[in-house]
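Hi,

Here is the structure I promised to pass on. Have a look at it first, and then read my notes below.

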Amino acid sequence: MTTPQQQTVALANINGEIIPLSEAKIPALDRGFLFGDAVYEVMWVNQGKMWLEEEHFTRLERSLNLIRILGVDLVTLAARVYETIAAGKFKNAIVYIQITRGAAPRSHAFPKDVKPFEFLFVQEFNDPYAEMREKGIHLLSRPDIRWDHCDIKSTNLLANVLAIQESKEAGCQEVLFYLKDGTITESAHSSLFGVLDGILYTSPSSELILPGITRNHLLNLIAKDGIPIREKSLHMEQLGQISELFITGTTSGVLPVVAVDKKVIGDGKPGPITRRIEKAYWDSVKTWGQSAKNKQDGSGI
Ligand code: PDD
């Protein structure tokens with residue numbers, strides 16, 4: 001049995017073989033390593049089950065198709081995730097999946113007959129966001145210098161990494177990305193929502209943002225809750241009038257934002273619409289967990 005201090009050893013699964021993550025090795029000629037020729041997913045495991053599993057695998061399939069990595073059996077991949085979860089007896093964990101085009105002599109064009117490298121790992125999730133959920137976080141605005149296909153969950157994250165580092169050095173926890181014309185897109189590893197004149201806004205699904213799984217799940221919940229919502233980007237010029245801001249993501253859930261570039265949003269505290277959405281989110285997790293448990297117990301309908 002593990003006490004809260006004991007960590008379950010993180011496990012990797014490479015092309016179907018389970019090993020400790022610390023022993024996992026990547027071939028030096030792997031194209032994910034050399035070119036960033038790879039896509040990925042991050043999932044949350046709650047009570048041993050993948051949260052929003054179908055949605056994540058659908059997005060992975062889309063990313064694979066868009067960069068033309070063919071021949072990955074996603075049913076097998078999902079089974080491998082569950083085998084790895086079972087091997088480590090993980091309950092509350094993070095799953096990272098990365099599929100690269102595979103290893104081949106270095107040449108930019110796709111090599112012939114290369115086999116995709118299917119790598120995943122599962123590690124215990126120690127939620128680092130509890131205090132941030134309570135108090136809210138600060139964002140640093142940065143120009144969005146990423147490429148024109150942010151809808152692909154590609155491992156090329158240098159622009160995100162550099163922007164996050166700058167935000168950290170400025171004492172912030174995330175980034176607010178904006179385009180040259182001032183259009184706000186999203187955050188460096190989160191989707192972004194804002195409230196203006198009582199209406200909730202988030203950028204429309206397009207090549208300019210990642211179609212966040214948490215974002216899409218929330219859009220369904222918000223529609224049911226009757227909160228007015230528009231999938232329309234906010235603009236840097238509107239920052240002064242925005243009364244609430246929050247970011248969303250697989251590991252963070254819903255995180256209130258209380259300042260951007262040190263300027264307070266609303267009254268500097270997590271706002272009522274944010275709190276309502278946060279509650280709806282955690283209620284949906286609870287309901288899902290309960291129905292998964294009922295199914296396991298055989299008491300579900
Ligand atoms: N980040 N936007 C970007 C650019 C992201 O990288 C992410 C996820 C999101 C939120 O998506 P989702 O709700 O599907 O997690 C939005 C992951 C978690 C990461 O890179 O670690």
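Let's start with charges: Lys and Arg count as positive and Asp and Glu as negative, while His and the chain ends are left out of the count. The place of a charge is taken as NZ of Lys, CZ of Arg, CG of Asp or CD of Glu. On that basis the chain carries 33 positive and 36 negative side chains, and the centres of the two sets lie 1 Å apart.

Before going on, a word on where this comes from. It's a predicted model, in which local features need pLDDT of at least 70 and side-chain atom pairs count only at pLDDT 80 or more, though totals for chains, interfaces and linings use all residues. Residues are numbered from 1 along each chain as its sequence is written, and side-chain values use heavy atoms, with hydrogens and water left out.

Now the overall picture. You'll find 7 helices and 14 strands in the chain; these are DSSP runs numbered from the N terminus (helices: H or I, at least four residues; strands: E, at least two). The C-alpha atoms fill a box of roughly 55 × 55 × 35 Å along the principal axes. The radius of gyration, taken over C-alpha atoms, can be checked against a globule rule of 2.2 Å times the number of residues to the power 0.38. For 301 residues, a compact globule would come out near 19 Å, and the chain's 20 Å agrees with that.

How much of the chain is buried? Buried residues make up 50% of the 301, where buried means under 20% relative accessible area, exposed over 50% and partly exposed in between (1.4 Å probe, protein chains only).

Next, the rings. Rings of Phe, Tyr and Trp (its six-membered ring) pair if their centres lie within 6.5 Å; planes under 30 degrees apart are stacked, over 60 edge-to-face and the rest tilted. The whole structure has 9 aromatic pairs. One of them is W44 with W282, edge-to-face at 6.1 Å centre to centre and 80° between the planes. This pair links distant parts of the chain, 238 residues apart: W44 is in strand β3 (residues 38–46) and W282 in helix α7 (residues 272–297). W44 counts as buried because its relative accessibility is 8%, whereas W282, at 31%, is partly exposed.

Another pair is Y96 and F121, stacked at 5.2 Å centre to centre with 20° between the planes. Y96 sits in strand β5 (residues 93–100) and F121 in strand β6 (residues 117–124). Finally, look for the cluster that ring pairs make of W44, W51, Y281, W282 and W288.

Cheers
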